[in-house]
Amino acid sequence: MKNQKVVEGLKKQHLFEIESAYVYLGMAAYCKGRGYDGFARFMTLQAQEELEHAQKFFDFLYEIEEEVELNELPAVTKEYESILDVFSTALEHEREVTKRIHDIYADALESKDYAAKDFLDWFIAEQREEEDTFLGIIDKLEKFNEVPTTLYLYDKELGRRQE
């Protein structure tokens, strides 16, 4: 049974996924502007992934006979202190996404909106994976301590990301 509070959460999350893509493009711009093509590629692919997530919300909303809302995107920064700052900010952003997904999930459970709960199961697992990925990257970047040679090599490694 569809619950209006859950529907509103889904609509907001759809927009936040689009906003997330924009945030990652800002991060890609920062990286690209400093010659870190691999980190830029990683963030560009991350932006594409967020748009795929937005599409999942879009499709689900229409499945349950709801209209999506499209609003103006807020400006995002493309200025960071370092590559470590970029990825630390990305982790915090993913933690916010996780919190929002969990809040919608809790509302779905409380209201017995099992269709929404089933839909969100995939996102619960995805967010755990996203946070783990960024934690691993941050761990390595902290160990590298902004040493140019290691950043260069890690830039090349992350640039090989396929999806």
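Trainee: What share of the contacts with a separation of 6 or more comes from residues 24 or more positions apart?

Mentor: In this protein, 83% of them do. Keep in mind that this is a predicted model.

Trainee: Noted. How many helices and strands does the protein have?

Mentor: Five helices and zero strands, so reading along the sequence you get α-α-α-α-α.

Trainee: And what box do the C-alpha atoms fill?

Mentor: Roughly 55 × 30 × 25 Å, taken along the principal axes. As for burial, 45% of the 163 residues count as buried.

Trainee: Let's do helix packing. At what angle do α2 and α4 pack?

Mentor: About 170 degrees, with the axes 12 Å apart. Here α2 covers residues 37-63 and α4 covers residues 114-144.

Trainee: Parallel or antiparallel, then?

Mentor: Roughly antiparallel, because the angle is over 145 degrees.

Trainee: Which residues of α2 and α4 make the contact?

Mentor: From α2, the residues include Phe-39, Phe-42, Met-43, His-53, Phe-57 and Phe-60. On the α4 side, among them are Ala-115, Phe-119, Trp-122, Phe-123, Phe-134, Ile-137 and Leu-141.

Trainee: How does the contact of α2 with α4 split by class?

Mentor: There are 14 nonpolar, three polar and five charged residues. The charged ones include Glu-49, Glu-50 and Lys-56 of α2, along with Glu-126 and Glu-130 of α4.

Trainee: Now α2 and α3. How do their axes cross?

Mentor: At roughly 10 degrees, coming within 12 Å. That's under 35 degrees, so α2 and α3 are roughly parallel.

Trainee: Which residues are in the contact of α2 and α3?

Mentor: Phe-39, Phe-42, Met-43, Gln-46, Glu-50 and Phe-57 on α2 meet Ile-83, Val-86, Phe-87, Ala-90, Glu-94 and Ile-101 on α3. By class, that contact has nine nonpolar, one polar and two charged residues.

Trainee: I keep seeing Phe-42. Which helices does Phe-42 touch in these two lists?

Mentor: Phe-42 belongs to α2 and takes part in the contact with α4 and in the contact with α3.

Trainee: Changing topic: how many aromatic pairs does the structure hold?

Mentor: 15 aromatic pairs. Take Phe-42 and Phe-134: their ring centres are 6.0 Å apart and the planes sit at 85 degrees, so the pair is edge-to-face. It links distant parts of the chain, with Phe-42 in helix α2 and Phe-134 in helix α4, 92 residues apart.

Trainee: Are Phe-42 and Phe-134 buried or exposed?

Mentor: Both Phe-42 and Phe-134 are buried. You'll also find edge-to-face geometry in Trp-122 and Phe-123, with centres 4.9 Å apart and planes at 90 degrees.

Trainee: What about accessibility for Trp-122?

Mentor: Trp-122 is partly exposed, with a relative accessible area of 37%. Phe-123 counts as buried, at 1% relative accessibility.

Trainee: Which residues do ring pairs link into a cluster?

Mentor: Tyr-24, Tyr-36, Phe-39, Phe-42, Phe-87, Phe-134, Phe-144 and Tyr-154.

Trainee: Tyr-154 brings me to α5. Which residues of α5 are buried?

Mentor: Leu-151, Tyr-154, Asp-155 and Leu-158, in a helix that covers residues 148-158. They span an arc of only 110 degrees around the axis, which puts them on the same side of α5.

Trainee: And which residues are exposed on the other side of α5?

Mentor: Thr-149 and Leu-153.

Trainee: What do the buried residues of α5 pack against?

Mentor: They pack against α2, α3 and α4.

Trainee: Last one: what is Asp-107 in contact with?

Mentor: Lys-5 and Val-6, leaving aside neighbours within four places in sequence. Asp-107 lies in helix α3.

Key: Residues numbered from 1 in each chain as written. Predicted model: local features only at pLDDT ≥ 70, side-chain atom pairs only at ≥ 80, totals over all residues. Heavy atoms only, no water. Axes fitted to C-alpha atoms, helices over the stretch in contact; angles between N-to-C directions. Helix = DSSP H or I, 4+ residues; strand = E, 2+ residues; numbered from the N terminus. Parallel < 35°, antiparallel > 145°, perpendicular 65-115°, else oblique. Contact = heavy atoms within 4.5 Å. Buried < 20%, exposed > 50% of the residue type's maximum accessible area, 1.4 Å probe, protein only. Arc of directions from axis to C-beta. Phe/Tyr/Trp six-rings, centres within 6.5 Å; stacked < 30°, edge-to-face > 60°.
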